[in-house]
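Let's take a walk through this protein together, with the structure open beside the text. We'll go from an open space to the contacts around the chain.

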Amino acid sequence: MDDSGIKKQNWDVKETELFLEILKELDMKKCLDGRKVRNNKLFKVAHRRMTAAGYHRSVDQLKFRWKLLKSAYYKCKRDPGSRVPIKIQGWWRYEKTMIAIMESRHSLVGAGVNSDRNDDVTEDSDGEASMLHWPQPCPDIPTQNLDLIIKMEPEVDLQLKIGFIGAGNMAFGIAKGILAGNVPPGNVKVSAPSARNLARFQELGIAVTHSNTEVVCGADVVFVAVKPHLVPQVLTEVSQHVTNGHTIVSVAAGVTLATLEELLPGNSVVVRLMPNLPCVVQEGALLFARGSRAKQEDGARLRSLLHRCGLVEEGPEAWIDIHTGLSGSGVAFVYLFAEALAEGAVKMGMPSALAHSIASQTILGAGRLLRDSGKHPAQLRSEVCTPGGTTIYGLHTLEQGGLRASTMSAVESATERARELGRKSGAAGSRK
């Protein structure tokens, strides 16, 4: 495993504690002694569980973290009385769980365990051999048991009522993600002034209406998914029905938390969310910021609702407009690049349909590798290049054409436009 770039990843206390609890639980579920929580399959399951909880690490990063934790455990075990310098901050918080994992002597399966195996480094190990002999894992577990582990996700309140004001692509993508998280379709209602976009919601079993007030009165969490210039009009219309029991989530680009709170009653819980189009296929990138009266648990509830939509992160409001330029608009930038890739192949003689199919798969594969490897884009790019090869010649041409500078400027322009929309919506809200 390549450690470069992985060591720089900072883990907070809660993330490490969750990681260890997942390994401990997987150890029990897979009938393994804790010290053998090392094979790739288990780390992939742990990766899914961490992602579902909102922590986005690659499998390699999880393995490297386990390697550091295990090294710290052995240091303390060798010399428990001394103040051994430990590389991991807050080690004392994890020590108890590490001992429980490393020193478990009981397999859930009494028979078929061979304790004479030499625990050498193998292809599936985490890269650090032990000097001790540990029990072997129990025989292969049926696939359905592994599926049960993979599907364990953040708890969603199945009584929660969800409303959408607006029935565009963003609302549809978020609604699909919420339903994928096991929220019953009967708990969701969508309103729009015309029936043009409502049919696809009805196909999902979601109730539809033309009344925004009906949506608000019947919901706990309300997504305001209308065009930015319509937000003041919509919130003024429903304001008298909003209580402190509601969470109002705006997905309108550029509309600030201050504007939203000004348009709603004084005790309103407001969140500003920026998704992107791939939410429709549950591969979105979503960033949200909490308003002045939204508590941490409100953010946690929103994260649990949206976790099946893709990557869900929380940050300060200042990042929302940047996220709009990077990811909201960035999707279109990627499509433009995919189109250009395909057209380049067509120019060189490849049929158009095949060229577009290969271009889309190239971008999909490159994106997944970038996300899952944990490596910097520049490192992956250099791994493709060979001295004097085809790729470096193509990259030189892209640099001559100003691709890097143009892309940075595109993100900047889209961000500034989002800020401009925010200023306009703020002025419109004040006039109301």
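A pocket here is an open set of points on a 1 Å grid over the protein atoms alone, with protein on both sides within 12 Å along at least five of seven lines, and its lining residues have an atom within 4 Å of a point. Before using that, a word on what you're looking at: this is a predicted model, where local features need pLDDT of at least 70, side-chain atom pairs count only at pLDDT 80 or more, and totals for chains, interfaces and linings use all residues. Residues are numbered from 1 along each chain as its sequence is written, and side-chain values use heavy atoms, with hydrogens and water left out.

Now for the second largest pocket. Its lining is made up of 36 residues, and the ones nearest the centre are G168, A225, V226, K227 and P228. The space inside comes to about 950 Å³, where the volume is what probe spheres fill when set on the grid points, which are joined across faces, edges and corners. Which helices supply at least two residues each to the lining of this pocket? They are helix 6 (169-180), helix 9 (231-238), helix 12 (318-328) and helix 17 (403-431). Helix 17 gives the largest share, with four residues. (Helices are DSSP runs of H or I with at least four residues, strands are runs of E with at least two, and both are numbered from the N terminus.)

What sort of residues line the second largest pocket, by class? There are 19 nonpolar, 13 polar and four charged ones. In this sorting, Ala, Val, Leu, Ile, Met, Phe, Trp, Tyr, Cys and Pro are nonpolar, Asp, Glu, Lys and Arg are charged, and the others, Gly among them, are polar.

Rings of Phe, Tyr and Trp (its six-membered ring) pair if their centres lie within 6.5 Å; planes under 30 degrees apart are stacked, over 60 edge-to-face, and the rest tilted. That rule gives two aromatic pairs. In one, F164 and F223 have ring centres 4.9 Å apart and planes at 15 degrees, so this pair is stacked. F164 sits in strand 1 (residues 162-165) and F223 in strand 4 (residues 221-224), so the contact ties together parts 59 residues apart in sequence. Both F164 and F223 are buried, where buried means under 20% relative accessible area, exposed over 50%, and partly exposed in between (1.4 Å probe, protein chains only).

F172 and F201 also form an aromatic pair, edge-to-face, at 5.4 Å centre to centre with 85 degrees between the planes. Here F172 in helix 6 is linked to F201 in helix 7 (residues 198-203), 29 residues apart. F172 counts as buried at 12% relative accessibility, and F201 is buried too, at 0%.

On to charges. A salt bridge is a side-chain nitrogen of Lys or Arg within 4 Å of a carboxyl oxygen of Asp or Glu, and the count comes to twelve. One of them joins E15 and R57, at 2.7 Å from N to O. E15 is in helix 1 (residues 13-29), while R57 is in the loop between helix 2 (40-52) and helix 3 (59-78), so you'll find the partners 42 residues apart. Are these two buried or exposed? E15 is buried, and R57 is as well.

Another salt bridge runs between E283 and R371, with the closest N and O atoms 3.3 Å apart. E283 lies in the loop between strand 6 (269-274) and strand 7 (284-290), and R371 in helix 14 (residues 352-373), so parts 88 residues apart in sequence are tied together. E283 is partly exposed, at 48% relative accessibility. That loop between strand 6 and strand 7 also holds Q282, which has a positive phi of about 55 degrees although it is not a glycine. Q282 is partly exposed at 25% relative accessibility.

E383 and K375 form a salt bridge as well, their closest N and O atoms 3.0 Å apart. E383 is partly exposed, with a relative accessible area of 46%.

Last stop: the cysteines. A disulfide is a pair of cysteine sulfur atoms within 2.5 Å, and the whole structure has zero of them. C309 is buried, at 0% relative accessibility.

Definitions and conventions:
On a 1 Å grid over the protein atoms alone, a cavity is a set of points where a 1.4 Å probe fits but cannot get out, and a pocket is an open set with protein on both sides within 12 Å along at least five of seven lines; lining residues have an atom within 4 Å of a point.
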